[in-house]
Amino acid sequence: ARAEMDFEAVGKCSALHLKPAGLSLQYGTAGFRTKAEQLDHVMYRMGLLAVLRSKQTKSTIGVMVTASHNPEEDNGVKLVDPLGEMLNPSWEEYATHLANAEEHEVQSVLAEICQKEAVNLHQQASVFIGRDTRPSSEKLSQSVIDGICALQGQYHDYGLLTTPQLHYMVCCQNTQGRYGKATLEGYYNKLSKAFVELIKQASNSGDSQRCLKVDCANGIGALKLKEMEHNLPQQLSIHIYNDGSKEKLNHLCGADFVKVHQKPPLGLEMKPNERCCSFDGDADRIVYYYTDAAGHFHLIDGDKIATLISIFLKESLVKVGQKLMMGVVQTAYANGNSTRYLEETMKVPVHCVKTGVKHLHHKAQEFDIGVYFEANGHGTVLFSKAAEEKIRHLAKEGKDNQKREAAKMFENTIDLINQTVGDAISDMLVIEAILALKGLTVQEWDDIYTDLPNRQLKVKVADRRVIDTADAERCAISPPGLQEKIDDLVKKYRLSRAFVRPSGTEDVVRVYAEADTQENADALAHEVSLAVYQLAGGVGEPPQPV
Ligand code: G16
C-alpha cells in the first residue's frame, strides 16, 4: 500500500499521457520505435522508468528521444545505463511491460519493479535527456520530463544532441569527470585535442589540406558538426551536405540509405576519387564512399572501417611493444570477405553476435581491445581498464623514447574514440587521423580486400514475430521449412550466404544475401524474399526482382 501511495502523483499525471487503446510495443533493437503520434505515453512512462533505474543504480540515467535511421514521421526512445551503455536487458523487459500496461495498471507495475529490483524510493534520482531534430522530438521529450517530475526526479535537458553525445554525457557524469566533462564543450575539446595531437604526427600534416564531404542525413549531425568545426585544425576541411535546412530527415540520404541502396545520397556532388561519408539521423553511424574515374560507386562500410582501425591498432601495439589481446566483433551482416581477411590475413579472432549494438558492445568487453562494428557503420572500440592504464603509464613513464612516443599516440587514439557507443563524429575523426598517419587514399583503403557482392531487402509480413532465429541470427528456426528453403537456394550460387531476421526497429523482415556476382546476390536475395513472403505470411504485393 505504501508503494501505491508514493505513486499517487504518477496516476494523476498519467491521465495526461494516455495510452492508445490496444497498442502494444516492444523495447526493440534500439528502444521503442514507431509513428511519433503513438509515443506520448511511452515517453512519459520511460521518464518514470528512468527515475527508478537511477534510484536503483544510484547513478544518472540517460533518455534519448530519437528514431535514428527511421523516416521523419517515426520517433523513438532509448534509455542509457550509468556507464553510457545500452539499458540492461532485464530492464528492457520492464520497459516493455510498463509501456504496454493499461492505465489502471501503471502504478502497480511501478511498484512491482521497485520490489523486484529493491529500488529505494527515498534515493535521489537524476536523468539526462537529449533529442534529435525530428519535428515531434521536442514535445515528446517534454513528456519524458513529465514522467521524471511525477516521481520527483532531477533532470538535465541537453536539448538537441547526437545519440552518442548523450551516452558520453552520462558516462562523464557517473565517472565524476574521469571520462571527460559532461558538457558539449567538454566533448568537443576532448575529441579535437586528441585529433590535433594525432595528425601532428602525419608526415604531410603541415602542407596538404584534407577535404572530406559529409552527408548529415538532414539531421542532428549537421548541427553538431558545425558546432565542432571551429575546434578542428585547418588541415581537415569539412564540407557539410544535407544539413536539414531544405530537405527531410533521412530522405534519400544518410548512412542507412547509402549502405542499403549502395548508391550516393541525394544532394552531394561527388568528383572522382573524392572522400565522402554519410552519418545517419542521430549520428551514431557512419559509412564512407567514393566514385572512381570510371564513375563506379564504391561503398566503404562498417566492416572496412573495423578493418582499418584494427590494422592501425595492431601496428600501434607493435610500436608500443605491448601484447594485448585484440578481437573484432561483427554480426551476420558482415561481408564474408571482411571476416576472412580479419581471420586469415590479420590473424585476429572474430566473433559474430546478434544485431544490435548492445550485443556487440557486450562481446567486445571480453578483450583488452575489442573492435566492434556492424556492417551498417555502427561501432566503436573498447579498451579494458587494465589495457588503458598500461598505455597511459607507458605514455608518461616509458623509458624507451620511441615506445613512449608511440604510447602517447595510442593514448590520443583512445581519447579520440567514444567508448560508450558508436559515434559518427568520433569515428570520422579516428578514420581521418588513421588515413593521414598511414598516408592512405580512400582507394587504397578500399582495396585492402574486395567485398563480396551483396543485397539487403525488406519483406512485409502480417506479424514479423513468426520468424525466430538462432546462431546469431544466421539460422531461421521458425516458421517450419523456411531455413531448408534458404539452404536450397543458397546452394544454387557460388560463395553464397543468406539469412533472414525480423527487424527490431521497423515493421519488416530483413533479408541479406551475398554471392560471387551482383546478379547472383540480387537473385538470391529476391528468391529468399519470396520464400519469406510465402512461408511467413507476406502481405501486399509479392517481392519483385531487384
Ligand atoms: C539500430 C541499432 C543497430 C541496428 C539497426 C537496425 O540502429 O542501434 O544496432 O543495426 O538499428 O536494426 P534492425 O535491423 O533490428 O532494424 P539505429 O542507427 O537505427 O539506432
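**Model and confidence**

This is a predicted model: local features need pLDDT of at least 70, side-chain atom pairs count only at pLDDT 80 or more, and totals for chains, interfaces and linings use all residues. Residues are numbered from 1 along each chain as its sequence is written. The protein chain has a mean pLDDT of 96, where pLDDT is the predictor's confidence in each residue, from 0 to 100. In that chain, 98% of residues reach 70 or more. The model's ipTM is 0.97 and its pTM is 0.96.

**Around the ligand**

How many residues surround the ligand? There are 18. A residue counts as near if its C-beta atom, placed from the backbone, lies within 6 Å of the molecule. The closest are Thr29, Ser68, Ser503, Gly504 and Thr505. By class, the shell has ten polar, six charged and two nonpolar residues. Here Ala, Val, Leu, Ile, Met, Phe, Trp, Tyr, Cys and Pro count as nonpolar, Asp, Glu, Lys and Arg as charged, and the others, Gly among them, as polar.

**The five-stranded sheet**

Helices (H or I, at least four residues) and strands (E, at least two) are DSSP runs, numbered from the N terminus. Two strands pair if DSSP finds at least two bridges between them.

Five strands build an open sheet with mixed pairing, in the order 7-6-8-9-10. Strand 7 (236–241) and strand 10 (297–300) are the edge strands, and each pairs on one side only. From one strand to the next, the twist averages 30°. Axes are lines fitted to C-alpha atoms, for helices over the stretch in contact, and angles run from 0 to 180 degrees between N-to-C directions.

Inside this sheet, strand 6 (residues 210–215) and strand 8 (residues 276–279) run parallel and are joined by three bridges. Asp215 has Ser278 of strand 8 as its bridge partner. Helix 9 (residues 220–229) packs on the sheet and touches strand 6, strand 7 and strand 8. Contact means C-beta atoms, placed from the backbone, within 7 Å. The direction of helix 9 makes about 155° with that of strand 7.

Four bridges link strand 11 (residues 326–331) with strand 13 (residues 369–373), and the two run parallel. Val329 has Tyr372 of strand 13 as its bridge partner.

**Annotated spans**

An unreviewed UniProt entry annotates residues 55–98 and 116–170 as "domain: Alpha-D-phosphohexomutase alpha/beta/alpha". UniProt positions are given in the numbering used here, feature names are shortened, and annotations may be inferred rather than shown by experiment.

| Span | Helix | Strand | End C-alpha atoms apart |
|---|---|---|---|
| Residues 55–98 | 30% helix | 30% strand | 17 Å |
| Residues 116–170 | 42% helix | 24% strand | 25 Å |
| Residues 485–529 | 42% helix | 27% strand | 11 Å |

**Two backbone spots**

Most residues other than glycine have a negative phi, and most peptide bonds are trans. The peptide bond from Ser478 to Pro479 is cis, with omega near 0°. Pro479 sits in the loop between strand 17 (475–478) and helix 18 (482–491). Asn250, a residue other than glycine, has a positive phi near 65°. Asn250 lies in the loop between strand 7 and helix 10 (254–261).

How values were computed
Contact = placed C-beta atoms within 7 Å.
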